[in-house]
Amino acid sequence: MSDVQIKKLDYPSASAIEYFDEKLYVVGDDATNLLVLDTSINIIDSIPLLSYPGKRIPKDTKPDLEASALNADNLFLFGSGSLSPYRNLGLKYNLKTKDNDSINLEPLFLKAKEQGIEQINIEGACFVPGKLILVNRGNKGYPHNHLIIIGEKFLDDSSFQISITPFEIQKDTASFQGISGLCYVKESDQLIMTVSTEDTKNSYDDGAIGQSYLWMINNISTKLNNKSIGPDRIIDLEKIDVRFKKQKIESVTVIKEIDSLIYLALVADNDDGSSTIFRMSIKKK
């Protein structure tokens with residue numbers, strides 16, 4: 001594994017990150033703009049997304065854009081759904097044409113509740129071949145992580161169907177590990193998840209930050225119909241670099257794959273109006 005690059009950003013509440021056309025795109029869950037960086041993690045642009053006079057949208061009305069997924073030129077952003085109606089908003093932003101369209105996520109969240117997810121809290125998203133995967137993060141009061149699997153054309157089809165795959169039950173709920181982000185590694189068909197412990201018993205409040213991990217699932221495209229799923233590999237980020245200590249890692253994206261290495265960018269929400277971005281590499285297996 002390579003040395004970790006790290007930079008603090010004057011940008012609030014980083015919650016999702018994507019890589020497209022040599023650029024990194026960061027979204028904050030209460031930010032009004034999309035932050036653009038180069039692959040050396042230098043800020044190069046800022047794109048207005050939401051209209052609000054201040055730098056941060058208040059907690060009780062923010063759309064809570066916690067998850068992102070890239071499909072061709074389109075960047076999809078997903079509200080967490082943890083407070084209706086404000087957090088039922090999704091956005092579809094075309095990175096080439098700059099078109100920005102809103103999406104009502106309420107029908108999706110209703111289907112998830114009908115299929116047994118008691119607390120909606122969408123924290124991660126990615127596209128795999130033919131499917132969109134969302135992750136619903138649990139908490140100490142509701143210690144369950146779930147994958148929500150949807151046909152990638154669900155936005156164009158009001159009769160879309162979903163399936164839900166629970167993660168294996170964690171025995172130690174005192175330090176529940178909640179999934180906060182997803183990305184798909186195309187060449188090796190792996191799913192990488194950012195995972196963190198946080199001292200909160202519901203899907204609305206923030207809590208004290210604990211440890212952060214990467215979970216990796218091999219051959220993910222063959223496992224989407226499994227009755228439950230769990231990580232094939234767990235990476236403790238603090239053991240790689242002590243600067244990950246007390247960082248609430250929210251999301252990860254793949255910059256490139258070369259030989260046996262995957263080059264990643266990760267973001268952390270500092271809960272103080274700033275964010276941190278990391279760049280690192282890990283071994284594929």
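Predicted model: local features only at pLDDT ≥ 70, side-chain atom pairs only at ≥ 80, totals over all residues.
Rolling a probe the size of a water molecule over the atoms shows where empty space is left. The largest pocket in the model has a volume of about 500 Å³. Its lining consists of 25 residues, and the closest to the pocket centre are Tyr19, Leu70, Tyr184, Lys186 and Val254. Several strands contribute to this lining: β2 (14–20), β6 (65–71), β10 (122–128), β14 (177–185) and β18 (249–258) each supply at least two residues. The most is given by β18, with six residues. By residue class, the lining of the largest pocket comprises 17 nonpolar, three polar and five charged residues.

Strand β2, which supplies part of that lining, also belongs to an open sheet of four strands in the order β2-β3-β4-β5, with antiparallel pairing. The edges of this sheet are β2 and β5 (43–48); each has a single partner strand, so one side of each is left without a neighbour in the sheet. From one strand to the next, the twist averages 25 degrees. Strands of a sheet pair through backbone hydrogen bonds, either parallel or antiparallel.

Six bridges link β2 to strand β3 (residues 23–28) in the antiparallel sense, and Ile17 lies opposite Val26 of β3. Strand β3 is in turn joined to β4 by four bridges, again with the strands running antiparallel. Here Leu24 faces Leu37 in β4. The two strands β3 and β4 make a hairpin with four residues between them. Between β4 and β5 there are five bridges, and these strands run antiparallel; Leu34 has Ile47 of β5 as its bridge partner. The hairpin of β4 and β5 also has four residues between its strands, and in this hairpin Ile41 takes a positive phi near 55 degrees. Strand β4 (residues 33–38) is mostly covered, with five of its six residues buried.

A further set of pairings involves strand β20 (residues 275–283). This strand, β20, is mostly covered as well, since eight of its nine residues are buried. Strand β1 (residues 5–9) pairs with β20 in the antiparallel sense over five bridges, and the bridge partner of Lys7 in β20 is Ile277. Strand β19 (residues 261–269) also runs antiparallel to β20 and is joined to β20 by nine bridges. In this pairing Leu266 stands opposite Phe278 of β20. The hairpin of β19 and β20 has five residues between the strands, and Asp271 takes a positive phi near 60 degrees.

When residues up to four places away in sequence are not counted, Leu105 touches Phe78, Gly79, Asn88, Leu89 and Gly90. Leu105 and Ser80 are 25 residues apart in sequence, and their C-alpha atoms are 9.5 Å apart in space.

Note on methods:
Residues numbered from 1 in each chain as written. Heavy atoms only, no water. 1 Å grid on protein atoms, 1.4 Å probe; cavity = no way out; pocket = protein on both sides within 12 Å on 5 of 7 lines; lining within 4 Å. Points joined across faces, edges and corners; volume = space filled by probe spheres on them. Nonpolar A, V, L, I, M, F, W, Y, C, P; charged D, E, K, R; others polar. Pairing = 2+ DSSP bridges. Axes fitted to C-alpha atoms, helices over the stretch in contact; angles between N-to-C directions. Contact = heavy atoms within 4.5 Å. Buried < 20%, exposed > 50% of the residue type's maximum accessible area, 1.4 Å probe, protein only.
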